[in-house]
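Let's take a friendly look at one protein model together. Have the sequence and the 3D view ready before reading on.

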Amino acid sequence: MKVARSLLGKALVVVEHNNAKVSPATLAAVTAASKLGEVTALVAGKGSKSVVDEISKIQGIAKVLAVDSAEYEHGLPENFAPLVKKVQDENKFTHIVAAHTTFGKGVLPRAAALLDTQSVSDVIGVKDENTFLRSTYAGNALASVKSSQALNILSVRPTSFDKAAQGGSASVAQVAATGESGLTKWLADEVDTSGKPDLTSARVVVSGGRGLKAPENFKLLYSLADKIGNCAVGATRAVVDAGFVSNDLQVGQTGKIVAPELYIAVGLSGAIQHLAGMKDSKVIACINTDPEAPIFSVSDYGLEGDLFDAVPKLIAGL
């Protein structure tokens, strides 16, 4: 008789949130953590009871550790890392997991240093409790990493795991805060008030490259995005470096990694660094005058033509 292998691990998920709502990236981290053993979620914030309530109802989570204190209000990693160490010292988890976002990339390496262990970053697959899959060489090769550490600290790529669904009923326990680190000070948040969806959560993304030629021509993409609905605008590193748009729109290896239902690449060649950030999109369409551009090799649909002719016609037809 075959007996199913049970997961003996204990995983802690560090929850990313805005004190009101759980980040969708964290729901993907919960799915990854569920492959490692029993999952506990750590919610630290200020006035974040709604986040605690939301995460406690997510499938796969057995327990929620909640901390309500001012030093966690703005997600400063210098304040979160000592808390993660404290929780780990008290509970002896086998894995600590967070999404591979700006937040996760800030907290986990600091926590790993405090716990005297190594972290494994940008994990795209979990083979077993000690073996993880991650991409390398801008996604052109996959590395299978086997760890012999007693504690594994993982940042997971949100686009590589399904988001955990509602339907759980986790218990909630309060945890004492660790206090201000004094290493950094929060000054202000620059909040996007445009009402447009975030790049990493939009159903559709339309991105522009050097083919747009000038900053003012990005208005074509904004008009197209408005017509489509639930559509975010992205950009290549080349146009960000040229000052066409702000760097929060950058898609690629050194920008944001997206996997929308539809990705429309306009006037961009498809450099390897850009492809690393969008090639997991469900459907890819492109518009480019160069039929030899690499973007055509990863596209499901391609239009060889002038974007300044094609995009206005597309807008008019929607």
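## A pocket and a sheet

In the second largest pocket, the lining residues divide into 7 nonpolar, 15 polar and 4 charged. Here Ala, Val, Leu, Ile, Met, Phe, Trp, Tyr, Cys and Pro count as nonpolar, Asp, Glu, Lys and Arg as charged, and the others, Gly among them, as polar. The model is predicted: local features need pLDDT of at least 70 and side-chain atom pairs pLDDT 80 or more, while totals for chains, interfaces and linings use all residues. Residues are numbered from 1 along each chain as its sequence is written, and side-chain values use heavy atoms, without hydrogens and water.

A pocket is an open set of points on a 1 Å grid over the protein atoms alone, where a 1.4 Å probe fits, with protein on both sides within 12 Å along at least five of seven lines; lining residues have an atom within 4 Å of a point. Of the 26 residues in this lining, G209, R210, G267, L268 and S269 lie nearest the pocket's centre.

Helices (H or I, at least four residues) and strands (E, at least two) are DSSP runs, numbered from the N terminus.

Strand 9 pairs with strand 3 (residues 61-68) in the parallel sense over 4 bridges, and V172 in strand 9 is the bridge partner of V64.

Methods: Two strands pair if DSSP finds at least two bridges between them.
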